[in-house]
Each structure stands twice: as C-alpha cells, then as structure tokens.
Amino acid sequence: MSTWERVCPLDRLTPDRGAVALLGGAQVAIFRLSSGEVYALGNRDPFSGAQVLARGIVGDRGGVPKVASPVYKQSFCLRTGSCLDDPGVGVPSYPVRIEDDGWVAVAP
Amino acid sequence: MIPDPDRPVLVVAGNGMVGHHFLEAAVERGLHRSHRIVVLGEERGAAYDRVHLTTALEGADPDALRLGAPEFHQVHGIDLRPGRRAEALDPAARTVTASGGDVIGYDALVLATGSAPFVPPVPGTDLAGVFVYRTLDDVEAIRAWASQCERGVVVGGGLLGLEAAGALRALGVQVTVVELADRLMAVQLDGPGGKALRRRIEGLGIEVRTGVAASAVLGTHDGRVAGLAFEEDEGISAGIVVFAAGIRPRDELARAAGLTLGDRGGVAVDDTLATSDPRVWAIGEVAAHRGGRPYGLVSPGYRQAEVVADRLAGGTATFEGADTSTKLKLLGVDVACVGDGFATTDGAEEISYADPVTGVYKKLVLSADGRRILGGMLVGDAGAYDSVLSYVRNDLPAPDRPERLILPAAGGGAVGLRPGDLPDSATICSCLNVAKGAVCEAIVAGDLADAAGVKACTRAGTGCGSCVPVLTELVNDERRKAGKEVVTRLCEHFGQSRAQLFEIVRVTGIRTFAELIDRFGTGAGCEVCKPAVASMLASLASGYILDGEQSTLQDTNDHFLANLQRDGTYSVVPRVPGGEITPAQLIALGEVARDFDLYTKITGGQRVDLFGARVDQLPAIWARLVGAGFESGHAYGKAVRTVKSCVGDTWCRYGVQDSVGMAIRLELRYRGLRSPHKLKLAVSGCARECAEAQGKDVGVIATERGWNLYVGGNGGMRPQHAVLLAEDLDDEALITAIDRFLMYYVRTADRLERTATWLTKLEGGLNHLKAVVLEDSLGICADLEADMARHVDTYQCEWQATLADPVRLARFRPFLNSDEPDLSRGYVRVRGQRQPAALEPARQ
C-alpha cells in the first residue's frame, strides 16, 4: 500500500506547466493547471524513452486535460495517463492531494 | 533500503541487456518498493550494451557501454550480486542456489540467463588463441591477443561473425570469414543477397569462404593456434580463431529443474512469459515463446521484460510474438530483411533489382495477386526499408508499380512540386512511413478537415512533424476536389488561421493568450496554438519570451532556451554571426565543451552545436559562454537562425563585395526575430555562390553594382531554389527590402510554413510579392518597417536576461524536491565523444 509523499508547497508549481519530483528514485511529473487541478504522471515518455513528460505543453483536447510530449508530441490524458493518440499506450498516473499546510502530496 | 521480511522476494537470474531492461521496467512500475529484488549476474560488473561490443574492441572505454547510471541499483534498493551465477533451481522449495553457496528463497523468479556462443565439437578449440565473441571479457582477451597476429579466422558468416570480422580488421588483422552455409547471413538473405553482401565485404579486404565446415583447429607444439583445417578444402593459417557461429540458450538451470523446454532448446513460455512453473518467468534469448525458437534480437527481449514487469505489478500485458524485420549496418554495409523476405507464402512473386558493380541488391515480395507487399530484402542500400516495412506492417495496398520502391530514382523532382502532384506511392511521413495514397484515403474516408485529423487516423506527422504542412495541403486539396469548405483553423481551440489570428492580435492589441482564447477561441489551448500565439506575441511585442504567462506557452526548446534531443538532454548553439569567430572565442567554446563533456559538431549554418547538456547544466554552461562574449543563437526557436557567408572580397580573389560584413550586419539586425518557422539567410560575395544563398529563405548575392536579393529558397525535405526578388540593391535598399519581406511573411504565413511553401501558395505569386514589398501596393510597408524597427530596438540576448534573474533561473532546477542531477541516461563513447546509448537498440 502506497503512502503519501510530500513534494513541495503548491505555490512552487507554475500554473499550466509541469515539474518533476523524485519519489523513491522514480521520476513523477506534476502538473498544476490554472483551473486549480493538480495531476501526477510518470515522467517517462513511452515513445522516446526519455524522462520528459513534465516539459510538455499542457492544454485540453475536447475538454480532457492533457499534456503533449515534447519529443514526438503525442498527447497523454492528465487524469488517467492514457495516450490520446495511440490507444494501448499509457504512462502511470498517481493520486495527488493538497495537504492542510498547502503542500502537494503524491501517492506513488 | 532496510530489508523488509514481509516483502515478497523477486530474484532475477541474469544481468545482461534484457535482465537490466527488466529491472528498469520493474522500477518504473514500483516493483522495487513492493518486492525485495535480488539480481544474480555471472559477469564481473554491471550490465552493458552487448550490441555495441565492437566499439569496445575498437578502443572505446568499456564504461561507456554501461547500461543505466552506476548508482541505479543502490538508489532503488536492488541487491545486485555480480560474479554470482545462478547454479541450481529448486521449484518445489522455491530456492535458487548461487555460485558461492548462497541459497535464496523466491516468490517470483525471472530467468534472463541469455545464451552462449555455439562452438562446434571439433578438436583444438581449447588452444590458446581460440575465442568466442560474446562478453566484454571476450573482447578484452581478443584485443590483447590480436595485437600479435597477422592473420585471423572468424568461424560464422552471420551477424555476429561479420561484426567480429570487422573488429579484427579494425585491430589490423587480415581476416578470413568461413561459413558453413553457401552464403553470408543465410538466415536473413537469399542467394543473390548473400552474393551482393559478399562482394561488398570482399571489397573491404576481408576474405570469405562459404560452404565449408571446419574440421579442426590446428595448433603449434606450444599449444597456440596455428590455423584452421576443413573437411574438403585447403586449410588456413591463422594466429587467432574466433567462433561466432550462432548461439544456444542458457537453459541448463531450467533443464535440471525439470521445467518444460522448447523444441530447439530454451525455456518454454506462454504469452505471459510464464514457464511451466507459474512462479518462474523467462525472457530474452533463453525464452522459447510458445515453445519455438528463441529470438536472437534484443528488442523482443525488451518487450518480454516489460510484459513480465507489468504482470508482476498486477497488469495484464501479453507478448504475442515479435516481427523479426531488421535493418543492420555491418562493416558500413546496409543489410535489411522485412517480413516474408524469402517468399515462403503460397504463390508469392518476387521483383528484384541487382547492381553487381556496386554490390546493391533489392527485392520485393508480392502476394500472388500483386496487391500486397509481403516482404523484402535490401543489401548495400536500405533506403527503402522504412517504406517496405510500413507497407508490410500496415498491410497497406501495394502502390502502383511497386517496383519503383526499389528501383534507383530516374531524374530529380520538379522545382516547386506541390504535394498534390506527387504519386500516391510517395512517402509523406518518413518517420512513421505513411504514403500519400494512405493519407488521401484517410482524408476521404474520414471526411477529415485538418492535419490533426490525419495525424489521429494515419499517425503521419506524429514523428518529427516536418510533414504537417504537407498534410494540411493534402487535406485542403482533397476538400477542394470534393467541393467542401477548406478549413484553415489553427487547431480545435481557434477557428481562425494563423494569419487571421496574427491580424487580430496586431489590431486589438491583445497581449495575453488567456485573453485571446477567452475572446476568440475555446477551451484551454494545446501544443499547437500556445506556441503559435507565443510566437506572434514575440514578433509584435519583443519582450522577454518567458515572462509571466508566456513561459507556459512555449515549447520545451523555447522554455529552456536550448534544443531538446532524443534522450531528453539539450544542445546549445551560441551565435557566431556570419560564421566569423576569433581564435580566442573558438578556444573558449572548446573549453566549455570539454569541461561539460558535450558532444561537439559543426553545423551547416557555420556554427558549433554542443550536445548532451542536462537542464540543470544549462545555466552554468551559458554563464561560461556569456562570459566569453557569446550570446544565444536561437537555434531552439522558430526564429532567425544564421546568416551564412563566404569570405568575400576581404580575402577572396574573386569576391566583389564584403559578404562577411553584410552577413554580420544582417544577422545582428534580425537575430531573435520570431517567425512561423525557422529562417535561414546567406550572403555570397560573388556569383560563384559559395554561401549557397539560393537555398535559403533570404539569399543575397553580390554583384559588381550591389546586391541581388533572392527569397523563398529551402533545403530540407523538399529542396527549392530561391527566386530573384530584386537586383543591384545598395546596402540600405537591401535591408529595407529584407525588413519588409520578412515582416510580410511573419504576418501572413501559416504555422510551420517555410517561406518556400508560403511563396508557392501566395495568391499572385512572385509578382504579388514584388508589388507588396517593392512598390507598396498594399500601403503597409511603413507598418512592416516599424514592426521590424521595434524588433531591432528591443532585442535582448535571452540567455543574458535569464542569467541575470534568479526567478528565471529557478526553472532549471532538476527536481522539485531534490537538487541531485538526473543521471538516469546511459552514454557510449564513439570516435572519442559521448553519444546517447540507444534507448532501445534494434538488434543483438
């Protein structure tokens, strides 16, 4: 059973831009949207193998929040991690919560 | 990490490429937290890239072949035991006994023991100077021994044998390759293919003998190799013999434990990679999938590793076999085999092309009705590999006259060819290898309205993206043909074209994306509209491109002011105006590259590209570069890149103007200008055109009376010559004309549309352009000039601005919760420089 790992205060995250947390050696991409939601996905882009998803541009497709990999531009759903351009491909997605003191915590 | 007695134990037997890939896949899925992982590896050190063993023989640092970061196992709490081989397996007791005597209980066991070279049972294989070619230790031993040898023999004419032969040759040994079959690479190639390859290999000075079986290794009286004897042929004298005649799975552990084996050896596994014991899995060269022959390639093994990791993490992934199509480069010779290359399908027909002089052989295998391409074989020129592979893998209908895929091209393409004029068989997307026919079919069948639709249906344009403008044009062509409205919307969030949005931004004075999408678009934006709008804002407002909201709009290149590379690191290109550089600056550049171990390459734009910088290193690298007087080269942006020049009349006997001086003046004027696509310029000092100005967006060629101005040239995928816009301009008139031309293009072009395409599509063409830029027919020239003047006045080096501001520097921190650098990537040394290790090597 995973436990919540505290990452940083929410205001360290730039809205609509990703950043990376190192959790137990694994890279987790954390996205704070200007609409308020915070999401966490595995940082590894499955198409290139590079640890880069946090560096993609965030936005939406048909209202679904997503990030586009900066390497070959496939989009991944921020809610589930599934690839919107290639069904069957996906990245892990992790639960996120904002703690009482305003810190972001992720359950990797 | 503290051992936790409650966590289940996962033992991995074998620490080769596939075993290591399994560990990476396991860590990715958190198995290192849910399990205690113990790895047994027979070899001394950490896992390494066996595919590139040859580079170690050629003298590269063996450490460069290492897979993953040195601290990988420690960081993830993995108990790696190098030099400990798994010697016995007791499935009933669920224990593995390691060499040295440790008995390890397991809850899950992954066999990744790989394979061993096959050495034929002939006398003399124990002589000193007989080697196999498999491990770093083998390579070290061969290297040490070969230095005293003049002649050598490699037994085996397959992939490994030829690699070994190439390595011996590189060590200065005169090599003979002997092969039992009647041709080289008998598994991958047919008779004519083997013949073409043989011709190429012999052309390299390597002797080849086929259809011969070694009967004994001959020795000297003191136990050293003297040569090789054959059953029915004259022997060969040699000081070194290397056996590389195939591999046998290392299934002895499973065999002794009573697990079910495959028909030809290897441990039998099902589609979940489980063996006959559900707690034991097998992957890589020891796994006999569905009881068949194990794969001798690394990529199926990698996929198997991922499936087992997924299963252990509770997933349901399966492995249903792998395509064994391969493309190799052996001793510099391309060899490829796709699908049913041997035409074993009933009724299959073959078309082949052979050029015995150059040693090129190409073959297509077609279905009996000629409607499908089933496979192919390519030797000496594998240029058609991607196309053939895509027809086979996608089961696409064969193009008209499929032989054109393998025949040498007759004549070049017409200048200014529109995508609509291309034959259906032309490849539009070379990355995903999608042909024009498939794109057009998808457009009609799906009633697609834009390039995004084509990307979703055909995956064309999802690789490097350079074909997206072509996709858009094809969509528009098809819609025009069908009498439908041509939609030029930028993306799903904006119904306007880029040019329309640019006008909106210019006229309304809106200066934020949020306001623009709120008033003129819908949704939250995406990777298409955000950078496009950021570019417009930069062209019109010329502020620091990463302040406030703008930092969220930029593509990663603009965000980190460097060029993203395939491994997730960046390259750095300082500006070298006109290609003129002082020796002191060149030395400073070299020192930075050396100190940060950056791969260094001269670009076509007369500057120096430094590769392999991590995000967290960029500020330190740029602090040094700025200190040495360099500024950003904007290689990362859709912006003015370089103004290339020849040396001009200051030195050249033929020059008629100072082309370097003009190039520097232009580059300093237009540096940093954001545009719909990259812009390249050049200035030649005479009509000899050494700067290749007619291949540039803006090309300037000196005449006795001034400068000729060419525009709309392009290199790249679809080369196009620039066209003459104006003749014999003086310096000031030249700059005014370029100011107007560039700004008119920036205002009106579509996203990612180079000047060449823009000009081809421009209504009224060159005459219209001349009227606008030279005669001010639209009355906008004063505006265009004012826009450019603002750009010139407000230019600042983005790197200087970044280094001066701690807030801006904060984004270069590697992790939110750690300052330790991200060392998760592997590198190899090639020709004395660092390169990324293949993330998924294609072969073994």
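How many residues of chain A are in contact with residues of chain B? In this predicted model, 36 residues of chain A are in contact with 34 residues of chain B, two residues being in contact if their C-beta atoms, placed from the backbone, lie within 7 Å. Local features need pLDDT of at least 70 and side-chain atom pairs count only at pLDDT 80 or more, while totals for chains, interfaces and linings use all residues. Residues are numbered from 1 along each chain as its sequence is written, and chains are lettered from A in the order in which they are written.

On the side of chain A that touches chain B, the strands listed below each supply at least two residues; strands (E, at least two residues) and helices (H or I, at least four) are DSSP runs, numbered from the N terminus.

| Strand of chain A | Residues |
|---|---|
| S1 | 5-9 |
| S2 | 17-23 |
| S3 | 26-32 |
| S5 | 57-61 |

S2(A) gives the most to this side, with five residues.

Chain B holds an open sheet of five strands in the order S9-S16-S10-S11-S12, with parallel pairing, where two strands pair if DSSP finds at least two bridges between them. Strand S9 (130-132) and strand S12 (207-210) of chain B are the edge strands, each pairing on one side only. Within the sheet, S10 (residues 151-155) and S11 (residues 174-179) of chain B pair in the parallel sense over five bridges, and B:Gly152 has B:Val175 in S11(B) as its bridge partner.

Elsewhere in chain B, B:Ala438 is found in helix H11 (residues 436-446) and touches B:Leu396 and B:Thr458, not counting residues up to four places away in sequence. The C-alpha atoms of B:Ala438 and B:Thr458, 20 residues apart along the chain, are separated by 7.5 Å.
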